[in-house]
Amino acid sequence: QVQLVESGGGSVEAGGSLRLSCAGSGYTSSGCMGWFRQVPGKEREGVAAIDRIDSRGIARYADSVKGRFTISKDNARNTLVLQMNSLKPEDTAMYYCAARPWLWCGGSWSTGEQYDYWGQGTQVTISS
């Protein structure tokens, strides 16, 4: 059984940094792993994603976070990390880790419906 558990959320002031981690268990496949976020009343947004196999490990980002967020992975530890710098109040959201073991990231990386496994989420709150 695949489980994804996020950690590292919290509250910081604008301009600060947070590091989110996603620990996976029961997950040894390839495919794509990503981070999504959602604010109540708004659609879920793809934040970043990366292919699990190193040779395909191109990181992909939403335009809103490019240059500020960095996604990385440690396959040996089954861990996905999102380093978030220069945080803005509009980054406030619940952040979710997701995985789709049988499909590369590609152009559809931000389509949440194509992900098979999700974590429970971790709250990120940025104050101005």
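Analyst: Asp91 and Arg37 are both buried, where buried means under 20% relative accessible area, exposed over 50% and partly exposed in between (1.4 Å probe, protein chains only). The model is a predicted one, in which local features need pLDDT of at least 70 and side-chain atom pairs count only at pLDDT 80 or more, while totals for chains, interfaces and linings use all residues. Residues are numbered from 1 along each chain as its sequence is written, and side-chain values use heavy atoms, with hydrogens and water left out.

The structure contains six salt bridges, each a side-chain nitrogen of Lys or Arg within 4 Å of a carboxyl oxygen of Asp or Glu. One of them joins Asp91 to Arg37, with 2.9 Å between the closest N and O atoms. This pair bridges distant parts of the chain, 54 residues apart: Asp91 is in the loop between β8 (79–84) and β9 (93–100), and Arg37 belongs to strand β4 (residues 32–38). Strands here are DSSP runs (E, at least two residues), numbered from the N terminus.

A further salt bridge brings Glu113 and Arg44 together at 3.7 Å, N to O. Glu113 sits in the loop between β9 and β10 (117–118) and Arg44 in the loop between β4 and β5 (45–51), so this contact ties together parts 69 residues apart in sequence. Glu113 has 66% relative accessibility and therefore counts as exposed, whereas Arg44, at 34%, counts as partly exposed. The side chains of Asp63 and Lys66 also form a salt bridge, at 3.2 Å from N to O; Asp63 is exposed, with a relative accessibility of 65%. Through shared partners, salt bridges connect Arg37, Glu45, Arg68 and Asp91 into one network.

The disulfides come next. A search of the whole structure finds two, a disulfide being a pair of cysteine sulfur atoms within 2.5 Å. Cys22 is bonded to Cys97, with an S to S distance of 2.1 Å. The torsion about this S-S bond of Cys22 and Cys97 is about -75°, so the disulfide is left-handed. Cys22 in strand β3 (residues 18–25) and Cys97 in strand β9 are 75 residues apart, and the pair links these distant parts of the chain. Both Cys22 and Cys97 are buried.

Cys32 is joined to Cys105, again by a disulfide, with S to S 2.1 Å. The link of Cys32 and Cys105 has 95° about the S-S bond and is right-handed. It connects strand β4, which holds Cys32, to the loop between β9 and β10, which holds Cys105, across 73 residues. Cys32 and Cys105 are buried. With the bonded cysteines numbered in sequence order, the pairing reads 1-3, 2-4.

The aromatic side chains complete the picture. Rings of Phe, Tyr and Trp (its six-membered ring) pair if their centres lie within 6.5 Å; planes under 30 degrees apart are stacked, over 60 edge-to-face and the rest tilted. The count comes to five aromatic pairs. Among them, Phe36 and Tyr115 are edge-to-face, at 5.0 Å centre to centre and 80° between the planes. Phe36 is in strand β4 and Tyr115 in the loop between β9 and β10, so this pair ties together parts 79 residues apart in sequence. Both Phe36 and Tyr115 are buried. Tyr96 and Trp118 are also edge-to-face, at 6.5 Å and 75°. Phe36, Tyr96, Tyr115 and Trp118 form one aromatic cluster.

How values were computed
Helices (H or I, at least four residues) and strands (E, at least two) are DSSP runs, numbered from the N terminus.
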